[in-house]
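Here is a friendly walk through one protein chain, written for someone who likes to see the cut-offs next to the values. Please keep the viewer open while you read.

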Amino acid sequence: MSAGPSSTPPAQESSTRPTVVVVSGLSGAGKSQALHALEDLGFFCVDNLPTLLAPQAVALCERGQMTRLALGIDVRVRAFLGEVANVLQLLEAGGQRDLHVLFLDASDETLLHRFSETRRPHPLSTAAGGSEGALAVLDGVRVERERLAPLRARATRVIDTTNTSVHDLRRLLVAHFGPASGGAPRMVTRVVSFGFKFGSPVDADVVLDVRFLDNPYFVPGLRVMSGLDPPVADYVLAAPDTREFLSRTAALLEYVLPRYEREGKSYLTIAIGCTGGRHRSVAIAEELARQLSGSVGAQIGVVHRDLERGQIVAPRERMQGAGSGDYDRSSVLELKGVTAPPPAMAVGGRESSLPAPAAAQSNPGDKS
């Protein structure tokens, strides 16, 4: 991997200026992958843009409040490459824009191997006048190097991808243009509380189980509350096991969050689960998000997925609502013995109700 005339990260003070990245290089060296990585970092990307149209395209994008742009320019623009010096000067606009020229290169052997794997023809294989097969690809690479030489000479960074994987290339671009450079948006981090009996969140990256903590559900007066209520939060957070859990978990997340962000991850979901998703997980999610917001210097979102699903309602109110279908059927799981009225059956042309089963006649407040 080699660097061009300047391989330093973008200056912090340039973050207030529009940023334009011109991505070019040899076919097969990774230009498309580079544009995908920049798009994930918040850049508006335009590929295969004729060079003479680049200044107008950038001006139109800035008029639409798009200040982070990436332009893919390669040998397919052909005759326009002769104007590259003037075009780059127009793009920089006398220092009003932060301009970066990224050039991707690789050895001839590597490029030949990549074209052989993908079975795609080289863009210039026909123009090179070679025959079919390896000679055509190598001739195309030679012509391409000649045509792109002026653009390579103006590059602010040259990346040799001969021994670089797609993931390594992405890491390089994240380090150069990502949040550490002061311009890219930070990774979106959420803490989601949930109940295991309703299933784990499908988009969770990290899942933590807090069912080992004392359950406020079994404390008189706290059952009908949630983890957002101070009495429940105080009960959960005051426990020694909770304090130890929060200390260890916060230390782990403070360590891994910046590294997830450095890897180029755009979203991170931390799921905290208890039985019903109403008491313990809610209180811990709120406290963990508060601690992480202060320690990692980023805003942490909090979502309580099952807070209302496990809401406790008096049994009589449930039975009254059962006839109209107003009550939440999933909350029947919270209280054993509370069921919908038995179905009516026709007996001798008349409707008759079956006697309630023994389970329904038991004490509705009995919780094993």
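This is a predicted model: local features need pLDDT of at least 70, side-chain atom pairs count only at pLDDT 80 or more; totals for chains, interfaces and linings use all residues.

Residues are numbered from 1 along each chain as its sequence is written, and side-chain values use heavy atoms, with hydrogens and water left out.

**The chain as a whole**

The chain has ten helices and eleven strands; these are DSSP runs numbered from the N terminus, with helices being H or I of at least four residues and strands being E of at least two. Of its 368 residues, 41% count as buried, where buried means under 20% relative accessible area, exposed over 50% and partly exposed in between, with a 1.4 Å probe and protein chains only. The accessible surface comes to about 19300 Å², and 53% of that belongs to carbon and sulfur atoms; the areas come from the Shrake-Rupley method with a 1.4 Å probe, and for residues only the protein chains shown count as cover.

Helix H9 covers residues 280-296, and its 17 residues should span 24 Å at 1.5 Å a residue, which agrees with the 24 Å between its end C-alpha atoms. The expected span here is 1.5 Å times one less than the number of residues. Buried residues of H9 include Ala 285, Leu 288, Ala 289 and Leu 292. The buried residues of the helix pack against S6, helix H7 (230-237), helix H8 (240-262), strand S8 (267-274) and S9. Just after H9, Gly 297 takes a positive phi of about 70°.

Val 302 belongs to strand S9 (residues 300-304). Leaving aside neighbours within four places in sequence, Val 302 is in contact with Val 191, Ala 285, Glu 286 and Ala 289. The C-alpha atoms of Val 302 and Ala 289 are separated by 6.9 Å, though the two are 13 residues apart along the chain.

Thr 189 sits in strand S6 (residues 188-195). Not counting residues up to four places away in sequence, Thr 189 touches Leu 257, Leu 268, Ile 270, Gln 299, Ile 300 and Gly 301.

| Residue | Relative accessible area | Class |
|---|---|---|
| Thr 189 | 5% | buried |
| Val 302 | 30% | partly exposed |
| Phe 212 | 46% | partly exposed |
| Phe 245 | 13% | buried |
| Cys 45 | 23% | partly exposed |
| Cys 274 | 2% | buried |

**Rings, charges and cysteines**

The structure holds four aromatic pairs. Rings of Phe, Tyr and Trp (its six-membered ring) pair if their centres lie within 6.5 Å, with planes under 30 degrees apart counted as stacked, over 60 as edge-to-face and the rest as tilted. The rings of Phe 212 and Phe 245 have centres 5.8 Å apart and planes at 65°, so this pair is edge-to-face. The pair links distant parts of the chain, 33 residues apart: Phe 212 is in the loop between strand S7 (206-209) and H7, and Phe 245 is in helix H8.

The charged end of Arg 211 sits over the ring of Phe 196, 3.8 Å from its centre, and that of Arg 259 over the ring of Tyr 255, 3.9 Å from its centre. For this, NZ of Lys or CZ of Arg must be within 6 Å of the ring centre and within 35 degrees of the ring normal.

How many disulfides does the structure hold? There are zero disulfides, taking a disulfide as a pair of cysteine sulfur atoms within 2.5 Å.

Technical notes:
Contact means heavy atoms within 4.5 Å.
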